[in-house]
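I opened my notebook to record what I looked up in this structure.

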Amino acid sequence: WHHATIGCMHNLIQFIQKVFKGFRANQGFLLSGAIAYYTLLSIIPMIALILVVLSQFQEPQQLLAVLREYLVLVTPGQADAVISQVDVFLQKSKLIGIIGFVLLLFFSSFAFTALENAMCVIFFHRVSIKRRHFLVSAIIPYIYILLLAIGLLLVSVVSGYLRSHGLSLGMMDTILIYLLGFSGEVVLLTSLYLVMPVGRLSLTHALIGGVTAAILWEATRHVLVWYFSTLSLVNVIYGAFSTAIVILISLEAAAIILLLGAQVIAEYERIGSRQKNIHGLQTE
């Protein structure tokens, strides 16, 4: 038993080393920086696009209140700044016109495009076997935007129903929204691992990756909130640009966690394919 435990620990350490080696070889930090940058460009247009459409069916302030609870999970400490900017945009939404709407669609897809390209680099063993049609790649970002809009609308309707019937649960209501947000994180991350890489991935592997990445992000998010509120000199150094810098750092941390999860899955797949090849040669 002792030797078996040591052997398992040795294999685990070797696997972790391969993951980080592959992450560095694939320029993981550079890719995560690109994803963070394009997400920063996309987040306001994407939220604005969703809210402009949903405001036809639901009270905008109710949507903003629900959205703020979820932005706390993504942009720790900066949710109010994002919400205030989106609120200003909503007040002028009637002026955007058709061209403005098309531009919103264009900019809101940047983050998903950057993520798909990063996944292609990490899962290069799949891309060499089968490439995705460019129309599928073009449609995927808007499917995700549609799903995010539906999710936000459902949560907003439920929250509005509870308040209108005096069923607000105070602290329990906050905990419920947090749990819904965390569950949404897991579902989103799992779906990204399933859809973004070319080819098929086991749902179990994607779910393990999604849960692991969500837990890591929750821990990282709390560390970032503590750091920016106690030790950070971002406000002193960057002044008026500090909000964008903080959001960018948070998004890059999230992108690193997301791509590390993908690298773990990719390394596991490559080990499995090598074992299959060795077994195939032995049987021949």
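**Entry 1: overall make-up**

How many helices and how many strands does the secondary structure of the protein come to? I found twelve helices and zero strands. Helices (H or I, at least four residues) and strands (E, at least two) are DSSP runs, numbered from the N terminus. This is a predicted model, where local features need pLDDT of at least 70 and side-chain atom pairs count only at pLDDT 80 or more, while totals for chains, interfaces and linings use all residues. Residues are numbered from 1 along each chain as its sequence is written, and side-chain values use heavy atoms, with hydrogens and water left out.

I checked burial next. Of the 284 residues of the protein, 39% count as buried. Buried means under 20% relative accessible area, exposed over 50%, and partly exposed in between (1.4 Å probe, protein chains only).

Then I looked at contacts, meaning heavy atoms within 4.5 Å. Among contacts between residues at least 6 apart in sequence, 80% join residues at least 24 apart.

**Entry 2: the core**

I looked up the largest nonpolar core, and it has 62 residues. Such a core is a set of buried Ala, Val, Leu, Ile, Met, Phe, Trp, Tyr and Cys residues joined through side-chain atoms within 4.5 Å. Leu51 and Tyr193 have the most contacts inside this core. Among the elements that give two or more residues to the core are H2 (28–54), H3 (60–74), H4 (79–91) and H12 (242–283).

Which residues does Leu51 contact, leaving aside its neighbours within four places in sequence? I listed Leu63, Leu64, Leu67, Val86, Leu90 and Leu152.

**Entry 3: H2 against H3**

The axes of H2 and H3 come within 11 Å and cross at roughly 150°. Axes are lines fitted to C-alpha atoms, for helices over the stretch in contact, and angles run from 0 to 180 degrees between N-to-C directions. H2 and H3 are therefore roughly antiparallel to each other; the cut-offs are under 35 degrees for roughly parallel, over 145 for roughly antiparallel, 65 to 115 for roughly perpendicular, and oblique for the rest.

I noted the residues in contact: Ile43, Ile47, Leu51 and Leu54 of H2, with Leu63, Leu64, Leu67 and Leu71 of H3. They divide into eight nonpolar, no polar and no charged. Here Ala, Val, Leu, Ile, Met, Phe, Trp, Tyr, Cys and Pro count as nonpolar, Asp, Glu, Lys and Arg as charged, and the others, Gly among them, as polar.

**Entry 4: H3 against H4**

H3 and H4 pack at an angle of about 150°, with their axes 9 Å apart. That makes H3 roughly antiparallel to H4. The residues of this contact divide into ten nonpolar, one polar and three charged.

**Entry 5: single residues**

I turned to Gln27, in the loop between H1 (2–25) and H2. Gln27 has a positive phi of about 55° although it is not a glycine. At 45% relative accessibility, Gln27 counts as partly exposed.

Is Phe29 buried or exposed? Phe29 lies in H2 and counts as exposed, at 52% relative accessibility. Not counting residues up to four places away in sequence, Phe29 touches Phe23, Glu252 and Ile256. Phe29 and Glu252 are 223 residues apart in sequence and 8.5 Å apart in space, C-alpha to C-alpha.

Last, I found Ser242 in H12. Ser242 is buried, with a relative accessible area of 8%. Ser242 touches Val234 and Asn235, not counting residues up to four places away in sequence.
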